[in-house]
Amino acid sequence: MGKLKINSLLLIIGLCSIAAKADNNFTNGQQLVAAGDCISCHTAKDGAPFAGGLKMITPIGAVYSSNITPDKTFGIGNYSYDDFVKAVREGVAKDGRNLYPAMPYTSYAKVTDQDMRMIYDYFMTQVKPVKQANLESDIPWLISMRWPLAVWNEIYLDNNIYQADNSKSEQWNRGAYLVQGLAHCGACHTSRGIGFAEKALDQSDQTYLTGALIDNWYAPDLTENAISGLGNWSKQDIIQFLKTGHNDKNAAFGSMSDVIKK
């Protein structure tokens with residue numbers, strides 16, 4: 001089979017990811033945070049929004065999401081804009097610790113400076129600070145050391161901001177920007193190789209968005225493959241699925257359920 005086409009899906013899924021989460025009364029920063037679905041990973045069950053504590057299973061042990069409220073003791077209240085950008089785009093915290101790539105900073109690296117500034121302002125001015133301590137990972141000592149993550153970044157991190165494809169429409173580029181960046185669809189729907197890095201970060205590689213096993217469930221193919229993917233889905237099918245979690249073709253399950261609900 002030749003290279004799978006996902007061009008129109010980059011447009012449709014990208015635009016629908018905003019439609020599914022955003023409201024006309026939201027500020028731009030809130031819309032962007034909704035598109036990035038930060039709340040799903042950074043909010044524990046029955047926990048305060050963005051206060052962290054959600055357990056995430058990795059092949060080497062469990063990690064827990066961090067408090068990203070503007071609390072100055074446990075959250076990011078003392079982060080400057082530059083500190084924030086370094087964490088979100090490069091996976092390096094204010095204190096110099098490397099973040100585990102469970103945080104999809106390899107995707108967020110594509111976010112523009114303008115959008116990053118609005119996201120930062122939203123967290124600092126509109127999110128309620130919560131005094132909740134962060135939890136240590138369950139990863140055993142030795143393999144829990146953070147310095148190898150700096151090497152991982154050197155090998156796998158491409159921290160170039162999204163560059164528009166001038167051969168495509170403005171709408172297509174907006175969709176691609178959202179899918180590859182904030183929506184980080186590939187973090188679940190693209191298989192991983194050596195070092196647990198995504199095999200592809202955009203449509204230039206045929207493995208991009210073709211499905212992957214994650215947290216004991218299978219994130220399905222999002223390409224235009226009519227058999228395994230979304231080739232038979234209409235734009236309305238995708239809109240309905242992202243807004244409600246179901247349509248007449250499928251229903252959300254696994255981690256995607258949290259994405260829809262939150």
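Which residues are buried in α4? In α4, the buried residues are Tyr81, Asp83, Phe84, Val85, Ala87, Val88 and Arg89. Buried means under 20% relative accessible area, exposed over 50%, and partly exposed in between (1.4 Å probe, protein chains only).

The model is predicted: local features need pLDDT of at least 70, side-chain atom pairs count only at pLDDT 80 or more, and totals for chains, interfaces and linings use all residues. Residues are numbered from 1 along each chain as its sequence is written, and side-chain values use heavy atoms, with hydrogens and water left out.

**View 1. The protein chain.**
The secondary structure comprises eleven helices and four strands. Helices (H or I, at least four residues) and strands (E, at least two) are DSSP runs, numbered from the N terminus. The protein chain has 262 residues, and 46% of them count as buried. Its accessible surface is about 13800 Å². Carbon and sulfur atoms hold 54% of that surface. Accessible areas come from the Shrake-Rupley method with a 1.4 Å probe; for residues, only the protein chains shown count as cover. Among contacts in the protein chain with a separation of 6 or more, 58% link residues 24 or more positions apart. Contact means heavy atoms within 4.5 Å.

**View 2. Helix α4 and its cover.**
Helix α4 spans residues 81-90. Seven of its ten residues are buried, so α4 is largely enclosed by the rest of the structure. The cover over its buried residues includes α5 (105-108) and α6. Gly91 follows α4. The phi of Gly91 is positive, near 70°.

**View 3. The crossing of α2 and α6.**
Helix α2 covers residues 28-36, and helix α6 covers residues 113-126. Their axes come within 8 Å and cross at roughly 100°. Axes are lines fitted to C-alpha atoms, for helices over the stretch in contact, and angles run from 0 to 180 degrees between N-to-C directions. The two helices are therefore roughly perpendicular to each other. Angles under 35 degrees count as roughly parallel, over 145 as roughly antiparallel, 65 to 115 as roughly perpendicular and the rest as oblique. From α2, the contact uses Asn28, Gly29, Gln30, Leu32 and Val33. From α6, it uses Asp115, Met118, Ile119, Tyr122, Phe123 and Gln126. By class, the contact of α2 with α6 has six nonpolar, four polar and one charged residues. Ala, Val, Leu, Ile, Met, Phe, Trp, Tyr, Cys and Pro count as nonpolar, Asp, Glu, Lys and Arg as charged, and the others, Gly among them, as polar.

**View 4. The β1-β2 hairpin.**
Strands β1 (residues 55-58) and β2 (residues 61-64) run antiparallel, joined by four bridges. Two strands pair if DSSP finds at least two bridges between them. The hairpin has two residues between its strands. Thr58 stands opposite Gly61 in β2.

**View 5. Gly245 in its loop.**
Gly245 lies in the loop between α10 (235-244) and α11 (255-261). Gly245 is buried, at 8% relative accessible area. It touches Gln240, Ala251, Ala252 and Ile260, leaving aside residues up to four places away in sequence. Val259 is 14 residues from Gly245 along the chain, and their C-alpha atoms are separated by 9.0 Å.

Most residues other than glycine have a negative phi. His184 is not a glycine, yet its phi is positive, about 35°. His184 sits in the loop between α8 (170-180) and α9 (186-189), and counts as buried at 15% relative accessibility. Leu209, also not a glycine, has a positive phi of about 65°. The loop between α9 and β3 (212-214) holds Leu209, which is buried with a relative accessible area of 3%.
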